[in-house]
Amino acid sequence: MSQPLQGKVALVTGGSRGLGAATARALADSGADVAITYISSADKAAEVVKELEGRGVQATAFQMDQADTAQAPQLIDDVVARFGGLDILVNNAALGESGRTIDDPDADVAALDRMHATNYTGVIAIIRAAAKAMRDNGRIVNIGSGIGSRVGLPGFADYAATKAGLLGYTKGAARDLAPRGITVNMVQAGLMQTDMAPPSPEALKAMVSNLSIQRLSDPAETAAAITFLASPAASYITGAVLDSNGGYTA
Ligand SMILES: NC(=O)c1ccc[n+]([C@@H]2O[C@H](COP(=O)([O-])OP(=O)(O)OC[C@H]3O[C@@H](n4cnc5c(N)ncnc54)[C@H](OP(=O)(O)O)[C@@H]3O)[C@@H](O)[C@H]2O)c1
């Protein structure tokens, strides 16, 4: 197998399950050493680390709460101390939507604050800390959602706002970091078979009927798009959005 990422160090947030774990595997298959983060799934994170080591690369899991922006600089320091540098950052960890409409009496502000802290301000804190430490010609890939561009059904306003905000940040960061050869792009993922399930079978049915390719995706399909943007082959792509969402946004 070709190893275009050999000698590179990657950090994948939320690598203990779902798309993050699939991305960590794909980056390791391309030769990168991989750090992952998790918040509470210590056993799953340890399993992923074991799998990555079995692929012949170095790997470590770091426990942290992305919603606490103060933890971001320490995370980056820990990655650099463990691996000697940082070349690739995949901002994957996020919370999904409750499916409640904004006028639902149970749609509480605490949950809204937690989602924005995890999906938006926490990600930005990691990008800012990583940008200082990252080597030239690095790669930042932010994971968005088709819902950030086109909501398509009720109950997703809060989540859509976090992903749309991150899209704007992706473009601004791309401008700021281009002089160092660091690219910043977004992959807008779609419906995947992970623990972040849509809130109800009705919502799932409605979402699948909105797709051009009418099925859920395997996270490995989106991990392949992320790995491409993380590779040397994507050196002239920055500030871009790559939709890996079955044509939801078509
Ligand atoms: N699933 C979909 O259909 C879908 C669709 C479009 C876009 N996306 C996007 O794709 C990405 C991955 O989604 P997924 O479905 O793979 O999610 P998932 O299966 O729910 O996994 C979430 C990951 O994020 C970690 N995490 C959550 N909160 C955290 C926090 N505060 N601090 C640190 N880590 C935290 C979790 O760690 P623990 O295991 O420790 O909890 C886990 O590793 C997200 O950005 C999501 O918005 C997903």
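Predicted model: local features only at pLDDT ≥ 70, side-chain atom pairs only at ≥ 80, totals over all residues.
Residues are numbered from 1 along each chain as its sequence is written.

Visitor: Which residues come nearest to the ligand?
Guide: A residue is near a molecule if its C-beta atom, placed from the backbone, lies within 6 Å of it. There are 30 residues around the ligand. Those that come nearest are G14, G18, S41, T194 and M196.

Visitor: Which element gives the largest share of the shell around the ligand?
Guide: Helices (H or I, at least four residues) and strands (E, at least two) are DSSP runs, numbered from the N terminus. Elements that give two or more residues are α1 (18-29), β2 (33-38) and β5 (139-145). The largest share, three residues, comes from α1.

Visitor: How far apart are the end C-alpha atoms of helix α2?
Guide: The expected span is 1.5 Å times one less than the number of residues. Helix α2 (residues 42-54) has 13 residues, so it should span 18 Å. The model agrees: the end C-alpha atoms are 18 Å apart.

Visitor: Which residues of α2 are buried, and which are exposed?
Guide: Buried means 20 or more other C-beta atoms within 10 Å of a residue's own, exposed means 12 or fewer, and partly exposed lies in between; C-beta atoms are placed from the backbone. The buried ones are A45, V48, V49 and L52. On the other side of α2, the exposed ones are D43, K50 and G54.
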